[in-house]
Amino acid sequence: FKSTPHHVTEDGTSLIGEGLNIEGDLICKGKIEVAGIMTGSVKAENINVFETGSIIGGVKAGRFEEFGFIEGEVYADDNNIGKTATIKGDIFFKENLKIDEGADCDG
């Protein structure tokens, strides 16, 4: 077999899929997509929480898009809250905050 060089990047995407429950703190240099349940703090450059996803704990991100359930403080440079999102906690942003009509924000 011929060997080919592999390129490893630090900005890959990690997925917490539906049916997966994770407990503990999570730090990622790239992107995290959450469709399952994350209990603990999450820090990444880019975080997407799908409608089926939940984060119970703090969030720190460069770009954060949420359509699921968040309980805890949210710190993000660019924050997009979708109409199906529920957030129970304070929201802090640096550049942009967009909240779609229908989103439930209590903080």
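pLDDT is the predictor's confidence in each residue, from 0 to 100. This is a predicted model, in which local features need pLDDT of at least 70 and side-chain atom pairs count only at pLDDT 80 or more, while totals for chains, interfaces and linings use all residues. Residues are numbered from 1 along each chain as its sequence is written, and side-chain values use heavy atoms, without hydrogens and water.

**Confidence**
- The average pLDDT of the protein is 88, and 90% of the residues reach at least 70.
- Where pLDDT is low, the predicted coordinates should not be read in detail.

**Sheet** (strands are DSSP runs of E, at least two residues, numbered from the N terminus; two strands pair if DSSP finds at least two bridges between them)
- Six strands form an open sheet in the order β2-β4-β6-β8-β10-β12, paired in parallel.
- Its edge strands, β2 (21–23) and β12 (104–106), each pair on one side only.
- Strands β4 (residues 37–39) and β6 (residues 54–56) are joined by three bridges in the parallel sense, and Thr-39 stands opposite Ile-56 of β6.

**Glu-65**
- Glu-65 lies in strand β7 (residues 59–66).
- Its relative accessibility is 17%, so it counts as buried (under 20% relative accessible area; exposed is over 50%, partly exposed in between; 1.4 Å probe, protein chains only).
- Apart from neighbours within four places in sequence, Glu-65 contacts Ile-47, Asn-48, Val-49 and Asn-80.

**Cysteines**
- Cys-28 is buried at 17% relative accessibility, whereas Cys-105 is partly exposed at 33%.
- The count of disulfides (pairs of cysteine sulfur atoms within 2.5 Å) is zero.

Notes
Helices (H or I, at least four residues) and strands (E, at least two) are DSSP runs, numbered from the N terminus. Contact means heavy atoms within 4.5 Å.
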